[in-house]
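Please work through each task before reading its solution.

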Amino acid sequence: MDLAEACVCFANATGGIVVLGIKDKPGGPDAFVGTSIDADKLRSAIYDRTEPHLTVSIEEVHYEGSRLLQITVPEGLEVYSTSQGEYRQRWMSECRPMDPAAVARLSDERRGNDWSAESSGTPIDAVDTNAIEKVRELLRLTDDEARVHLSRSSPAEIVHRLGLAADDGCLTRAGEILLVEKSSSGPRELLVYQHRRTPSGEADFSRRWGTPLVTTFAEVLEVISARLTVTPITVRSGQQLAIEDFSSIAIREALANALIHRDLRENQPVQVRHSPAVLNINSPGPLVAGVTPDNILTRGTKPRYPSLAKAFNTLGWGEYRNTSAKE
């Protein structure tokens, strides 16, 4: 693989290290063949053959009698390509090509652009009546005086207070996806649900949902809840408990994450497969830039769409908190 291409792959992911002077095959001591390439010239060559120009650090290492060059590639602040215009990204052990949608997504995430906060071009009066009524209900259930007061406001006031109005007076993309029945901003289908009596059996119930997201989320929770099996148990103290197959709180959290952190620009629905033994929720799209399977539990909350996540949180359905915003 071309070194510039390999460095682009790492820069478009979370960074990494390329070692020059080792053969893939055979393994063992014979793999260390060394290199005579000048480190400064190599650094300049990588800089010249990447767009925007990528600066790497190169360290000379001697091992098993061979001279190696260790190229350390930082996680990029931009989206990088080779000078031939090829965009690639490292995933696990593979260097995968990036399509235009993936390039745009990564660019937004690294620059801090919130796609969901941009104008959808849809007027505010296009909001669905049932969606607004569901928003009012959720605001009342928060037991927060300001939110309860907001629940009695006009649809336009609710939209503005939830941060779902763009500067041009239209709904943001988040507002359109949350509140409009036929959204042009998001996928036509938001979620597909299938229930099976056994994990490998045929589906005995299925349903599909589109926008508005606010009513879809509420209905999906109801459909899953109606199919949960509750087992009564008696503990040693004599107290009786009702144990669900799956925790309702965990289900709500998993669904919220799947729906608000997925890539809404891809026309693929969230897939939910449910049986008494297994509840599988598959959210389309990659992890947010900088988040990997290794650090997902420790890196902290990083929503793909802060505007959408914040509105969801205000409605009592999420746990996102924008610590940089003034309360």
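**Exercise 1.** Where is the place of leucine 297? State also whether leucine 297 is buried or exposed.

*Solution.* The model is predicted, so local features need pLDDT of at least 70 and side-chain atom pairs count only at pLDDT 80 or more, while totals for chains, interfaces and linings use all residues. Residues are numbered from 1 along each chain as its sequence is written, and side-chain values use heavy atoms, with hydrogens and water left out.

Step 1. Leucine 297 lies in the loop between strand 15 (279–282) and helix 10 (306–314); helices (H or I, at least four residues) and strands (E, at least two) are DSSP runs numbered from the N terminus.

Step 2. Its relative accessible area is 83%, and leucine 297 is therefore exposed (buried is under 20%, exposed over 50%, partly exposed in between, with a 1.4 Å probe and protein chains only).

Step 3. Leu297 also belongs to a nonpolar surface patch with Trp91, Met92, Leu287 and Ile296, which together have about 560 Å² of accessible area. Patch residues have over 30% relative accessible area and no salt bridge, with nonpolar side chains (Val, Leu, Ile, Met, Phe, Trp, Tyr) joined within 5 Å and like charges within 9 Å. A salt bridge is a side-chain nitrogen of Lys or Arg within 4 Å of a carboxyl oxygen of Asp or Glu. Areas come from the Shrake-Rupley method with a 1.4 Å probe, and for residues only the protein chains shown count as cover.

**Exercise 2.** Locate the cis peptide bond that joins glutamate 51 and proline 52, and the cis bond from threonine 211 to proline 212.

*Solution.* Step 1. Most peptide bonds are trans.

Step 1. Between glutamate 51 and proline 52, omega is about -15 degrees; proline 52 is in the loop between strand 2 (50–51) and strand 3 (57–63).

Step 2. From threonine 211 to proline 212, omega is near 5 degrees, and proline 212 sits in the loop between strand 11 (203–209) and helix 8 (213–226).
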